[in-house]
Amino acid sequence: MRPQALTTIPAAVYVLAAYAFIYLPVIVLVIFSFQDGRLPVPPFKGVSLRWYQEVFSDSDLMEALINSVMVGVVSAALATVLGFLAAHALARHRMPGAVFFQWLLMAPLSVSYLIIGIGLLITFTATGMPKSLLSVVIGHVVINLPLAFGICYSQLGGHQVSAERAARDLGAREWQVLALISVPMMWPAIAAAFFLSFTLSWDEFIVAWLVTRFDVTLPVEIWSLLRSGLDPTTNAVGTVVFAISMALVIVMELFVFRRKARA
Amino acid sequence: MTFWTRTFGIAAVFLAGIAPLHAADDELNALVWCDHSDPALLDPFEEEHGVTVNIKEYEGTGAALALLEQSQPGDWDVFVVDGVDVPRIVEAGYLAPLDREGLPLDDIFPGIRDSEIHEIGGELYAVPEKFGYNTISYNDAKVNAGDMRDIAVLWSDAYSGRIAIYDYYIPLINLVAIGLGLREDGITADELPAIREHLLKMKERSAMVGDVVSVQTALATGDVDIIAGGGEWATAVLMAEDPNMEWVNPDQGGVRWSQSIGVFSDAGNPELARKFVEYVLGPEGQARLATSSCYWAMPSNSKAALTDEEKTVLRWDEQETFIANSWPYFIPDPELDAMFLDIWTEMLQH
Amino acid sequence: MNRRGLAGWFLLAPAFLWLAAFFVVPFAVMALYSVWRREGTQLVREASLANYEAFLSKSYFLDALFNSLEITAVTVVLSVLFAYPLAYILAFLVPRRWQRLGLVLAILPFWTSYLVRSYSWLLVLSENGVISQTLVTLGLLSETMSFANSNGATILGFVHFFTMLLALTIYANLVQISPNYRRAAEDLGASRLQSFIHVVLPLSLPGVMIGAFITFVLAIGDYITPQILGGNRELVMPQAILLQVQRRADFPMASAMSLVLMLVVSAVFLASARWLKMDRV
């Protein structure tokens, strides 16, 4: 049993050190969100909930939160639908130029968000399109389409082909095959694509910052909060966002992915 | 069928939420410095008129002009901008003339009225609303206050690694010029090499360069002891927490900033904009603006409804001396401005 | 067959049109702007290479590029070195039923806001912050000092984020390696170390390379972490690009610089394509 201990103890130490590193900023963030004073650094002066009160009474923050949810849902839905349809086209139909299309669909993945954002900003400004949340949705679909496509494409394996062919042989139309056979069989991949897209949209800053004006998403509002004064409000917002996201992750873990794993 | 109607219904609700909306009557769009974002300033106005004030904050006139170029006509109603930049902004056609009637022009401190920049061709385009200084802020517990009276301390070795530089090239280049005795008749291209050399020296001795809140944070968290280009705006907000946060107008003099408020010529909502201008310039608005969360500074209206404690923090009684011993921003022409930005970018990267 | 071919085009069209309009067209617009230039407040619509010449002739632009490459390279290497052992331990040394929990725990802070995380690091690393105070209390430092506002702080912020990301991708790759390979190697007399070096490591490299490439792309294009943690001590490309956009509305120069950055990322992609392709095998 000695060799086992030789690897187990350093491994345990390593994992604990890694977790300490990963959690350090989060724990400090949460602790100082309760700071009874303006400065979110030691010494800790006592527990106060006033910064949470600030957060929940800040209508701009609450609006930004709702905006973020809407942008996330719409852009993730669009990215997932477009990605799924494109994946289906390239996996199931013999398309001339398939390699080119595949390359194009994956291309945004290798371009920095900043560059995508600046390109959209310049294009929108040049064409006179106003800055709005719609521009953010457009940008987020560009960012997330490759992932949604990639996830669906990699999961469109051979095992659905025969079911689809059977449906076709029985006289189903193309859209019926898609809606009644492919989508239900692909459901886990579609859900994964949607949730991943939503997560990335939810936390995306630079594109949203460049192409919005007053109606902004949560990260942009947090950025202006950061730049409008130093106090623990930012800590409180961060803690709230973390709590919401964690609740979401736990719900997904329990209901969506657990089911998928069993299926 | 119900499934689809419901789906489309939900989709419509979401899309309505993200579609760009056109200027509504009950919304005011203001392009401002960050001190105008304080709810304590905006809420009373919003409640009184039943409107929403949308603000977009920027730092530095160049940034504001960049934002304006990305906007459509009618996007903006109110503009808060460095007073010295008013002439070029009027020349570019951005501001509308203001009716003098009902504005507290006579209550503005005489030293900062600067009518030659606010009145062009007999018309009034903007009114000073707040002013202060870009000099030296410091932590009294960590440095020798006497040293701070000389601008040259910023490039001496005495406090190497303990300095934060406020990231706004206009006042900082002005401050260095004053320190070198070059500010007297404005700044010329010939003087830039000397200024550049000292900017780089200052950078070598600095710990960071940052915007308003970043330099405040650095001072408050102990990362630095001195803010080059600081002033009451950097320290007044921290004083309540730590009375050691001080600022000084050096012996050579300091740089004086002054921001003015005006209404856009293509404002979508000019009446409301006018009301906002009157509110901000009135005694209550002035007091709230002077003590807003991003930075405190002197109100331009001598009748601002401030408490005695607030006046003490703002050093209300010393203003006459400070104004006499400070220069307004020297604003370069576009060509020189490009050279300023060039040496500033070089300094950032140094 | 004909109708099915048509159906394929219908399915592909929405995604294709979206990317054409909002990805390809913006690139064309940027390419066009990059050969125009800004003089004063005017946009001069004459083709020239002035912006590219300015980029190559001014040391601060080139410095920004090299600084970006340096920070990103260090970030990628450190993140992989930190994340690999973590992923390895989770995949092979932790009992199966605890693995999922361990992994979720390792990536949970991923869901705090990216911005807030950088800001939190700034406070943790500051002179009055938790690290400096703790080291002084433990007697490891004689007086408080700041770790913030430096390239090191930027790299630390990056490594924190990408360690989580890489732990996930490397773990996913490691658990796909059939235990039979390792067993076979060990049956043939290989030590644990040998089986790691000759079996596990080569098989996991494709996953590592993909993770490393994603890290590279995300880190070199990130504005937030260097802006919050770097203290503007030395600029990176995204900061230099946004200076053009924010302070002078110089879209032509920003376009040129964005395209240069794109080119550099593409070059790195091509250089590493040999390894990136291995996952198709």
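Q: What share of the contacts in chain A with a separation of 6 or more comes from residues 24 or more positions apart?
A: In this predicted model, residues 24 or more positions apart account for 74% of the contacts in chain A that have a separation of 6 or more, where a contact requires C-beta atoms within 7 Å.

Q: What makes a residue of chain A count as buried, and how many of the 263 do?
A: A residue is buried if 20 or more other C-beta atoms lie within 10 Å of its own, and 48% of the 263 residues of chain A count as buried.

Q: Which elements make up chain A, helices or strands?
A: Chain A holds twelve helices and zero strands.

Q: What makes up the side of chain C that touches chain A, by class?
A: Contact joins 64 residues of chain C to 64 residues of chain A, and the largest share of the chain C side, 19 residues, comes from helix 1 (residues 2-35) of chain C. That side of chain C has 48 nonpolar, 14 polar and two charged residues.

Q: How is chain B divided into domains?
A: Domain 1 of chain B covers 21-131 + 257-324 and domain 2 covers 132-256 + 328-349, and 25 Å separate their centres, taken over C-alpha atoms.

How values were computed
Residues numbered from 1 in each chain as written. Chains lettered and ligands numbered in written order. Predicted model: local features only at pLDDT ≥ 70, side-chain atom pairs only at ≥ 80, totals over all residues. Domains from an automatic or database assignment. Contact = placed C-beta atoms within 7 Å. Helix = DSSP H or I, 4+ residues; strand = E, 2+ residues; numbered from the N terminus. Nonpolar A, V, L, I, M, F, W, Y, C, P; charged D, E, K, R; others polar. Buried ≥ 20, exposed ≤ 12 C-beta atoms within 10 Å, placed from the backbone.
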